[in-house]
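Subject: Model for your review: charged and aromatic side-chain pairs

Hello,

Here is the structure for you to look over. My notes on its side-chain pairs follow below.

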Amino acid sequence: SKMASNINVGLGIGLSGRLDATNRIFAAEQQEEQYKRKMNIAAQKEKDDQLEQVKRAILTEKGQFDPLVSPKANDDIANTLLQITNAKAQNPTSYINDAYRLFGELRSRLDDYNTTSAQLKDLRSLNEKQKKGVYISKSQQAAYDEIGKAKNYDEWIASLSKKEIIVTGK
């Protein structure tokens with residue numbers, strides 16, 4: 001076909017003056033199309049790489065939580081990954097901004113989970129402290145006793161407030 005041979009001539013000779021004006025324009029357009037496709041693929045790959053970095057960053061946050069906090073934190077992580085995946089499906093060109101925003105929001109919640117985990121770790125270490133002669137308040141002891149009965153953090157907090165146990169200090 002005439003078109004196919006034009007492409008070959010256009011790509012073979014490039015933009016040398018040996019082609020007539022129509023063929024030169026056609027060849028230039030072909031090259032531009034090819035260039036755009038390559039750029040598009042590169043840009044998409046860069047976004048995909050960024051997305052992978054965001055996902056990896058999220059996943060490295062896992063596993064540092066107290067068992068009472070862990071289920072909620074891991075659900076939150078899984079949900080955020082799902083939201084990021086959905087953002088990409090709905091918005092292939094500019095989803096990376098959504099990914100960073102969702103990641104940022106998750107990070108601040110993860111900070112809360114980590115703070116909570118640290119407080120729980122402190123409470124869990126009460127037995128050790130007591131053995132070393134450190135004074136443990138009645139409320140700390142009561143809060144500690146409730147940890148063992150709770151399935152998750154929310155349940156633990158609910159039992160503390162129901163029994164009017166106030167956890168003060170570390």
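A salt bridge here is a side-chain nitrogen of Lys or Arg within 4 Å of a carboxyl oxygen of Asp or Glu. This is a predicted model, in which local features need pLDDT of at least 70 and side-chain atom pairs count only at pLDDT 80 or more, while totals for chains, interfaces and linings use all residues. Residues are numbered from 1 along each chain as its sequence is written, and side-chain values use heavy atoms, with hydrogens and water left out.

Salt bridges

Side chains of opposite charge can pair when their charged atoms come close. The structure holds 9 salt bridges. One of them joins R101 to E105, with 3.3 Å between the closest N and O atoms. R101 and E105 are separated by about one helical turn, because they lie 4 residues apart in helix α4 (residues 95-124). Helices are DSSP runs of H or I with at least four residues, and strands are runs of E with at least two, numbered from the N terminus. R101 is partly exposed at 42% relative accessible area, and E105 is partly exposed at 36%. (Buried means under 20% relative accessible area, exposed over 50%, and partly exposed in between, with a 1.4 Å probe and protein chains only.)

K163 pairs with E146, the closest N and O atoms being 2.8 Å apart. This pair links distant parts of the chain: K163 sits in the segment after α7 (153-162) and E146 in helix α6 (residues 138-147), 17 residues apart. K163 is partly exposed at 45%, whereas E146 is buried at 6%.

E155 forms a salt bridge with K151 at 3.8 Å between the closest N and O atoms. E155 is partly exposed at 30%, and K151 is exposed at 65%.

Aromatic pairs

There are 2 aromatic pairs in the structure. (Rings of Phe, Tyr and Trp, the last by its six-membered ring, pair if their centres lie within 6.5 Å; planes under 30 degrees apart count as stacked, over 60 as edge-to-face and the rest as tilted.) The F65 and Y113 rings have centres 6.0 Å apart and planes at 80°, so this pair is edge-to-face. F65 is in the loop between α2 (21-60) and α3 (70-90), and Y113 is in helix α4, 48 residues apart. F65 is buried at 9% relative accessibility, and Y113 is buried at 12%.

Y153 and W156 form a tilted pair, 5.8 Å centre to centre with 45° between the planes. Y153 is partly exposed at 23%, whereas W156 is buried at 5%.

Regards
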